[in-house]
Amino acid sequence: MGSALGIRGALEREREFRTAPACTSVPVHASGCLWKQKFTVRSADAHRGKRVSPEAQLALPSGKPWHVTFRKADPVVSEMKPDDKVVGLIWHGQVVEVRDADGRRQQTSEGPVGWPEDRLGGALACLSFGLTALVGAVWGLFARDNRRQATAARIVRWHGVGMGVAAILTLWAQAANDWPMWAIPAIWGSVTGLLLVTMVGFAVGAVRGDLDDETPSSPGPSSPPPPPPPALPTGGPGGRTTG
C-alpha cells in the first residue's frame, strides 16, 4: 500500500513539473513555476567509488552559495570545473535541473523526473523478493523434519532472490536506455513468469523426490572366489622330500 501511494505521489509530482509554466519574474518565494537562474561553479565532486552523492557548490551572481546534490555523476556534474557557467532550473525553491554551456542537462537529487520509475522498480523488487522469501521461510519452518519439503522451501527462497535481482537489473536497463515506464513491468513480468515456472517445477520435483540423490546401483552377481594357492611340499620321514 505504501509503495503504491509513493508511486502515485511521484507520478503526480512529475506531471506537475512537466506542465509547470515559466515564471514571469524572479520568484521571491518557493513557487510552482519554472525559473532559469545563472550560476557559477565554485566546486564539484563526483565522488566516484564512494557511497556519497555527487555534489556541486554553485554561486548566484550576488555571491550567495547554493549547494546541490545529484543522484549520479554523469553527464554534467562529472564535467564541472570551477568558474564554469551553468544554468539551474528552480522549481518550488529547489534547483531541480542543471544545464551546462554545451546544453547538456542533468536532474539533481530534488528533480522529479525518474522518481516514479525508481519507486516502481523498488516496489517490484521488494514485493517479489519479500513475498517468496516469506513463503519459503514459513514453509521451511514447518518442514524442518521433512528433507524433501525443506529442499522445496529453499528452492522458493532462491527464486525469490532471482526475482528481486531481475527487478533491479530491469530498473537499471530502463534508466540507462531511457525506456518508458511501462517497460519495467513488461520486462520484469516476462522474466518473473519464467522464474515462477521453473520455481514451481523444481519445487514439485523436490516434493516428489525427483531431486533426491541417486542411490548406488545394486552390485551384480558375485564373481567366484580366487583359487587357493598351491600347497607347499611337506618333508617326509628323515627330512626327505617325498616325491
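A salt bridge here is a side-chain nitrogen of Lys or Arg within 4 Å of a carboxyl oxygen of Asp or Glu. Keep that cut-off in mind. One of our pairs, Arg105 and Glu97, meets in a salt bridge at 3.9 Å, N to O. That 3.9 Å counts because the limit is 4 Å. And a reminder: this is a predicted model.

How many salt bridges does the rule give? Four. Let me walk through some of them.

Stay with Arg105 and Glu97 for a moment. Is Glu97 buried or exposed? Glu97 is buried, at a relative accessible area of 11%. The cut-off for buried is under 20%, so 11% qualifies.

Next, Asp74 and Arg48. Their side chains form a salt bridge, with N to O at 2.9 Å. Where do the two partners sit? Asp74 is in the loop between strand S3 (65-69) and strand S4 (85-91). Arg48 is in the loop between strand S1 (35-45) and strand S2 (55-59). They are 26 residues apart, so the pair links distant parts of the chain. Now accessibility. Asp74 is partly exposed, at 38%. Arg48 is exposed, at 55%.

Now Arg104 and Asp102. This salt bridge comes in at 3.8 Å, N to O. Arg104 is partly exposed, with 33% relative accessibility. Asp102 is exposed, with 64%. Asp100, Asp102 and Arg104 belong to one network, joined by salt bridges that share partners.

On to the strands. Look at S4. Why call S4 largely enclosed by the rest of the structure? Because five of its seven residues are buried.

What pairs with S4? Take S1 to begin with. S1 and S4 run antiparallel, joined by six bridges. In that pairing, Trp35 stands opposite Ile90 of S4.

Then S5, residues 94-99. S4 and S5 are also antiparallel, over five bridges. Here Ile90 stands opposite Val95 in S5.

To recap. We have four salt bridges by this rule. Asp74 and Arg48 link distant parts of the chain. Asp100, Asp102 and Arg104 form one network.

Note on methods: Residues are numbered from 1 along each chain as its sequence is written. This is a predicted model: local features need pLDDT of at least 70, side-chain atom pairs count only at pLDDT 80 or more; totals for chains, interfaces and linings use all residues. Side-chain values use heavy atoms; hydrogens and water are left out. Helices (H or I, at least four residues) and strands (E, at least two) are DSSP runs, numbered from the N terminus. Buried means under 20% relative accessible area, exposed over 50%, partly exposed in between (1.4 Å probe, protein chains only). Two strands pair if DSSP finds at least two bridges between them.
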